[in-house]
Amino acid sequence: MNHLPAPGATSPSVEASAGAHLRAEHITVTLGSRRVLDDVSVTVSARSRTAVVGENGRGKTTLLHVLAGLITPDGGTVHRAGTVGLARQELPARHGETVATLTSEALAPSLAALGALDEAALAMAQGDPTAGDRYAAALDTAGRLGAWDAERRVDVALAALGACADRDRPLSTLSVGQRYRVRLACLLGAHHDVLLLDEPTNHLDAGGLDFLTRRLREHDGGLALVSHDRTLLREVADRFLDLDPARDGRPRPYAGGYDAWQDARRRERERWEQDHEEQRAEHRRLQDAVSQARDRLTTGWRPDKGTGKHRRQSRAPGVVQSLRRQQDALEAHRVDVPEPPPVLRWPDLAVRPGVPQVRAHGVAVDGRLAGPVDLSLDGGDRLLVTGPNGAGKSTLLAVLAGALEPTRGRVRTARGVRLVRVAQETAVDLETVMGLEGAAGREGAPAREGSMAGEGAVRGPGPTAREVYARRVGRLVAGGALRDADADEPGSLGLLDPEALRTPVERLSQGQRRRLDLALALAGRPGLILLDEPTNHLAPALVDELTAALRATSATVVVATHDRQLLRDLADWPRLEVGGGPAPSARSGPPR
């Protein structure tokens with residue numbers, strides 16, 4: 001969490017709050033050799049609720065950091081009035097920092113306002129003639145910040161988000177999700193004129209999501225958020241800035257709520273695809289016409305020996321003229337409508353229904369998963385795993401994947417099953433993506449394709465996304481888990497465009513890395529797919545495509561998620577609730 005005062009301001013003022021806003025005009029940012037933002041303008045005013053959306057790698061996080069002042073744009077201007085609170089996606093745990101480090105930072109403006117109020121009151125008692133004005137200003141500031149109630153608000157937010165309230169707890173001892181919840185609670189408990197939130201729903205359970213949504217709706221200042229959570233966008237945002245380039249290559253603002261944005265975007269995409277296809281069809285027609293004219297010239301200019309020779313030669317000049325006309329028409333025709341962005345193309349995984357996949361009997365992991373858990377999954381089955389944070393959803397998926405041994409119970413995976421797990425966190429540092437074939441080829445072991453969050457290390461120059469994918473496929477083929485003929489080209493999945501495939505992985509955004517995770521998971525054509533919070537870091541359009549693919553695939557699918565819209569979309573799937581109740585048991589099956 002970052003408390004960012006307006007430039008030159010020593011403390012919040014009533015005037016700044018009344019006109020608080022962020023205004024960015026014609027912003028351009030280049031990172032390395034890539035233009036991330038190009039002539040982007042946006043205004044976040046008091047009471048506005050702006051969602052910054054777009055596919056992964058379009059610069060959503062970069063734009064928030066420009067608005068907050070963390071990145072100086074290469075071109076354009078940013079004007080800020082009032083105080084800004086920023087929640088980043090990542091929160092490193094620096095040495096010596098504790099929970100109190102974050103709470104103290106959040107409470108600092110309120111404590112400063114109360115301190116100024118006490119100093120002014122003391123000065124008034126001592127007869128200082130200027131103290132009255134200082135007291136009035138301090139009182140206004142403290143009232144606007146709700147300074148007397150600030151610590152209680154932070155405590156309420158910590159409890160509502162299930163965050164650690166022990167002020168002495170070192171941040172380094174907390175998980176990524178626990179640190180994130182502490183920081184978010186501090187941000188929501190403090191008072192800021194403008195909030196900038198980057199994926200605020202990550203690591204929140206159902207109760208935390210409800211609290212966040214309610215708190216953002218109650219916020220009396222401006223708000224800009226980047227989120228994959230479609231329910232949050234639908235319930236909070238009243239305007240959208242879509243950074244996906246339209247057919248003219250420019251980002252586009254949309255007035256209205258989530259449904260208005262989706263409807264407008266869908267209509268524009270349909271017109272784009274139709275116009276592009278019409279131009280392609282006309283280009284193909286002209287190419288065919290040139291080919292036919294060339295064939296007529298060939299057969300007319302070189303007639304068979306014998307009869308009709310002079311008659312055929314007399315027609316040749318007309319055929320030549322026709323060919324030239326067709327060539328001129330083809331050369332004049334241009335396909336100037338750009339190709340629409342790719343969509344997800346899920347491979348045919350060809351899993352036979354009802355074929356045994358995995359059985360779990362009496363599974364439990366001390367301190368992480370209460371049991372016993374009994375589970376049976378066959379080909380084509382579907383299962384939703386739900387429960388509060390810390391209940392053991394991720395632990396259960398790790399046990400099923402063979403990445404974690406249960407304390408009690410056992411897991412049996414059918415021989416030859418291709419199993420893959422996509423964990424919550426992306427393979428940010430590439431420590432997992434080079435050795436993912438797991439137990440493939442072991443006697444009696446399934447053809448496991450590993451976890452996207454395992455062990456191993458990569459050193460030296462960072463590989464590109466295409467190179468990582470190629471190494472993944474090469475190892476699967478060498479280990480016998482995949483036939484070379486079955487390997488898909490990385491671009492054929494519609495997850496990564498050519499530019500992303502050429503980019504070193506450490507330069508990809510978190511969303512692009514998440515797309516790479518999915519591509520690596522699908523590379524081995526798995527028959528059993530374990531997905532832990534699969535919508536994390538993904539844009540809403542891709543989430544819709546992914547949801548449709550999961551419903552249609554022949555593979556067995558297990559999804560653990562807090563995503564409220566995904567839970568609604570998969571409400572007809574069998575459900576396994578872990579934590580807070582009787583020992584869970586599930587016999588899955590296709591949705592009814």
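**Salt bridges, strands and helices in a predicted model**

Student: Which residue does the side chain of Arg514 meet in a salt bridge?
Tutor: This model is predicted, and it places that contact at 3.9 Å, N to O. Both residues of the pair lie in helix α14 (residues 510–523), three residues apart, about one turn of the helix. The partner of Arg514 in this salt bridge is Asp517.

Student: Is Arg514 buried or exposed?
Tutor: The cut-off for buried is under 20% relative accessible area. Asp517 has 1% relative accessibility and so counts as buried. Arg514 has a relative accessible area of 1%, so Arg514 is also below that limit and is buried.

Student: Which residue forms a salt bridge with Arg359?
Tutor: Look for closest N and O atoms that are 2.8 Å apart. The pair links distant parts of the chain, with Arg359 in strand β11 (residues 356–365) and its partner 19 residues away in strand β12 (residues 369–378).

Student: Where does Asp572, which pairs with Arg551, lie in the chain?
Tutor: In this salt bridge the closest N and O atoms are 2.8 Å apart. Arg551 belongs to helix α15 (residues 540–552), 21 residues from Asp572. At 35% relative accessibility Arg551 counts as partly exposed, and Asp572, at 30%, is partly exposed too. The place of Asp572 is the loop between α16 (564–569) and β19 (575–577).

Student: Which residue of β3 is the bridge partner of Val29?
Tutor: Strand β2 (residues 21–31) and β3 run antiparallel and are joined by eight bridges. In β3, Val29 has as its bridge partner Leu37.

Student: How are helices α3 and α6 oriented to each other, parallel or perpendicular?
Tutor: The axes of α3 (residues 99–125) and α6 (residues 176–189) come within 9 Å and cross at roughly 15 degrees, with a right-handed crossing. Where they meet, Val99, Leu102, Thr103 and Ala106 in α3 face contacts with Val182, Arg183 and Cys186 in α6. Angles under 35 degrees count as roughly parallel. The two helices are therefore roughly parallel.

Student: How many Å separate the C-alpha atoms of Gly379 and Ser554?
Tutor: Gly379 sits in the loop between β12 and β13 (382–386), and at 5% relative accessibility it counts as buried. Leaving aside neighbours within four places in sequence, Gly379 has contacts that include Val351, Pro353, Ser554 and Thr556. Gly379 and Ser554 are 175 residues apart in sequence, yet the distance from C-alpha to C-alpha is 7.4 Å.

Definitions and conventions:
Residues are numbered from 1 along each chain as its sequence is written. This is a predicted model: local features need pLDDT of at least 70, side-chain atom pairs count only at pLDDT 80 or more; totals for chains, interfaces and linings use all residues. Side-chain values use heavy atoms; hydrogens and water are left out. Two strands pair if DSSP finds at least two bridges between them. Helices (H or I, at least four residues) and strands (E, at least two) are DSSP runs, numbered from the N terminus. A salt bridge is a side-chain nitrogen of Lys or Arg within 4 Å of a carboxyl oxygen of Asp or Glu. Buried means under 20% relative accessible area, exposed over 50%, partly exposed in between (1.4 Å probe, protein chains only). Axes are lines fitted to C-alpha atoms, for helices over the stretch in contact, and angles run from 0 to 180 degrees between N-to-C directions. Angles under 35 degrees count as roughly parallel, over 145 as roughly antiparallel, 65 to 115 as roughly perpendicular and the rest as oblique. A crossing is left-handed if the near helix is turned anticlockwise from the far one by less than a right angle, and right-handed if clockwise. Contact means heavy atoms within 4.5 Å.
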